Each structure stands twice: as structure tokens, then as C-alpha cells.
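User: Can you walk me through this one? I'd like to start with a helix and then move to the strands.

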Amino acid sequence: MGSIDFKDKKNVFAIVIILAILGIGYFAYTYMWDPFVLERQRLEGELSNAQAELDKINAKRHRVSELELQLVQAEKDFEKLKEMFPEDEKVPLRLQDLYAVLRSSGVQIQKFNPEGSMEREHYIENRYSIAVNSGYHMLGYLFAEIANFNYPTAISNLKLGRYSGIVAELQKAETHGWTPITISVSFNLTTYTSKKAPK
């Protein structure tokens, strides 16, 4: 291959064209293609980060739905607890409940007195003094019904004695076939209310 003749205008023109093409290629690569690649990589990185954030948000959104359901259930549970441990003793409702089970059990009510309340550390005890005449099965039914109230109760100071009219009751039972009243019962019934927190 011979040397290039720089006196030949065609050769010089060809060299100039080649140099111009190389310059344009270098310029295009350095100032156009290379920044484009870097920008594309940056955007892909941002897209990846955004997708990761979106995945986190979607996961948290699912968790938020779970927490909302738990909150609804917690509110229902809290309402039940408020019914079980109200801030104020609902004496009329307690009396209705107690009179209903006393009547349904068939016992004879002799005494039913609210006896005041006693404050404890975290709650208040509300006491009722009750005396009835009953048969054993009636008494068992009565206590079972009290145990099934939808609020806590306690029975204390239970006293059993022979019913003073037991002879007449036994004669009536033989004649009419009903369950006789054989015992006199007295006891204290306690219900509970929550203690209001000091302001």
C-alpha cells in the first residue's frame, strides 16, 4: 500500500470527510449516546425504586385493611365490656333481670333490697339483699339463670333454712301435685361497675 498523496485534493477531501465523520461520531457518542445511556440507567433505577415503594404501599394497604377490621372488632368487644362493666349501675335493668328470673323460677320473693355499693381499687361492687322461699330445684334454676346474665355477678352470704309453712306446702303438693316450697333462702347478690378514671 503506497503513501497518501496530500497534494491530491481528492485525498485531502477524503481525509477531511473521514475526520469529520470521526469527530461527529465522537461528539454523538460523548455528548448524546453516553448521556442517554446514563439517563436511561438513572430512570430505570428510579422506576425500580418507585416500584419497590409501590409494593410497600400495597402491602401496607393490605395491612391497613386488616387493622380496620381489627378496630371494628375491638370496638364491638369494647361495647360488650361496657355493657358488662358500665360506668353507672343500671338499677332498673338489674331489677328487671332479677325479677324476671325470680318469677320464672317459681320462687316466692320475700325481700329484694339494694344495699348500696363498695368501692374497690379498679371497680365498684353493687350489692342487693334477697330473700326467697323456694324448693331445691327452683333454687337451682334461679342460680343457673343468674349465672347466665350477660354481666358478672356473685352470690355470697347464702343461708338456707326450713320453710316455716312446710307442712301445709307438703299437704298442698300431695293434693294438687305441684312442687312444694320447702326452704327459706337469703343471699347477697353483687354486680359490678367500672370505676371512672380521675380527670
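Analyst: Here is a short tour by question and reply. This is a predicted model, in which local features need pLDDT of at least 70, side-chain atom pairs count only at pLDDT 80 or more, and totals for chains, interfaces and linings use all residues. Residues are numbered from 1 along each chain as its sequence is written, and side-chain values use heavy atoms, with hydrogens and water left out.

User: Which residues of helix 3 are buried?

Analyst: Met 138, Leu 139, Leu 142 and Ile 146. Buried means under 20% relative accessible area, exposed over 50%, partly exposed in between (1.4 Å probe, protein chains only). Helices (H or I, at least four residues) and strands (E, at least two) are DSSP runs, numbered from the N terminus.

User: Why are they on the same side of helix 3?

Analyst: They cover an arc of only 100° around the axis, so they share one side of helix 3. The arc is that of the directions from the helix axis to the C-beta atoms.

User: And what is exposed on the other side of helix 3?

Analyst: Tyr 136, His 137 and Ala 147.

User: What does Ile 146 touch?

Analyst: Leaving out residues up to four places away in sequence, Ile 146 touches Leu 98, Val 101, Thr 153, Ile 155 and Leu 189. Contact means heavy atoms within 4.5 Å.

User: Where is Leu 98?

Analyst: Leu 98 is in helix 2. Leu 98 counts as buried because its relative accessibility is 2%. In sequence, Leu 98 and Ile 146 are 48 residues apart; in space, 7.5 Å, C-alpha to C-alpha.

User: Which residues touch the most other members of the largest nonpolar core?

Analyst: Leu 142, Ile 146 and Leu 189, in a core of 18 residues. Helix 2, strand 2, helix 3 and strand 4 each supply at least two residues of this core. A nonpolar core is a set of buried Ala, Val, Leu, Ile, Met, Phe, Trp, Tyr and Cys residues joined through side-chain atoms within 4.5 Å.

User: Switching to strands. How many bridges pair strand 2 and strand 4?

Analyst: 12, in the antiparallel sense. Two strands pair if DSSP finds at least two bridges between them. Ala 131 has Ser 186 in strand 4 as its bridge partner. Strand 3 is also antiparallel to strand 4, with 8 bridges.
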